[in-house]
Amino acid sequence: MFRIVTIVFSVSIFTYWFIKKSVIGIVEDSVALQVINKLPQPLDFYVVTLNDSEVSKVIDTKHIGTIRPEYYRIEYLKMDKSDEYWIVGYLGKKNLVYFSQHSLPNKNIDQIIEVRNYINQSVKLSDLAKKQVEDYNYENIKVGIWITLDFLLLFLNIMLLIRNRK
């Protein structure tokens with residue numbers, strides 16, 4: 001009985017988690033950020049949102065995705081506690097080739113950023129952004145490992161439950 005309850009609970013938790021992660025991130029009172037890649041090769045973009053009350057205090061780091069040349073991505077940013085965001089672009093896994101800092105004077109206007117050249121507006125801030133992106137990726141790797149192990153455990157429990165029923 002305990003195994004059945006555990007399996008049902010685990011499946012419901014994973015179903016909720018997958019639905020939550022799969023839903024488009026449109027948030028009420030958010031700012032739409034459109035990043036357009038005008039460079040000749042695809043770049044992997046991240047957005048780092050900062051808290052305006054504390055200097056260089058990161059609120060959130062999001063992975064926009066790899067954007068091919070002449071394509072764009074739209075991300076919705078919750079900017080109620082912030083008025084500044086950074087865009088970080090990587091060529092490959094470790095090569096930071098684009099960093100720009102943007103302020104948001106009016107939170108009612110959506111932002112369109114065209115990446116036309118390789119630029120690093122501030123070496124000091126880009127190092128901080130690079131550390132934030134590395135921490136974000138590290139946390140995602142940890143979550144991925146835990147999810148994989150949980151799925152393995154769930155699979156083993158389902159197989160043992162089916163095997164014991166026969």
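**Entry 1: the second pocket**

I began with the second largest pocket of this predicted model. Around it I listed Asp44, Tyr46, Tyr90, Gly92, Lys93, Lys94, Lys130, Val133, Glu134, Asn137, Tyr138 and Ile141 as the lining. Two elements give two or more residues each to that lining: strand E2 (43-51) and helix H2 (123-165). I then asked which element supplies the largest share of the lining. H2 does, with 6 residues.

Next I looked up the volume, and the second largest pocket holds about 260 Å³ of space.

**Entry 2**

I moved on to the strands. Here I found an open sheet of 3 strands, and I wrote down the order as E4-E1-E7. The pairing in this sheet is mixed. Which strands sit at the edges? They are strand E4 (71-77) and strand E7 (111-115), each pairing on one side only. I also looked up the twist, which averages 20° from one strand to the next.

**Entry 3: E1 against E4**

I wanted a closer look at one pair, and picked strand E1 (residues 31-37) with E4. How many bridges join E1 to E4, and do the two run parallel or antiparallel? I noted 7 bridges, with the strands antiparallel. For a landmark to find on screen, I took Asn37, which stands opposite Tyr71 in E4.

Note on methods
Residues numbered from 1 in each chain as written. Predicted model: local features only at pLDDT ≥ 70, side-chain atom pairs only at ≥ 80, totals over all residues. Heavy atoms only, no water. 1 Å grid on protein atoms, 1.4 Å probe; cavity = no way out; pocket = protein on both sides within 12 Å on 5 of 7 lines; lining within 4 Å. Points joined across faces, edges and corners; volume = space filled by probe spheres on them. Helix = DSSP H or I, 4+ residues; strand = E, 2+ residues; numbered from the N terminus. Pairing = 2+ DSSP bridges. Axes fitted to C-alpha atoms, helices over the stretch in contact; angles between N-to-C directions.
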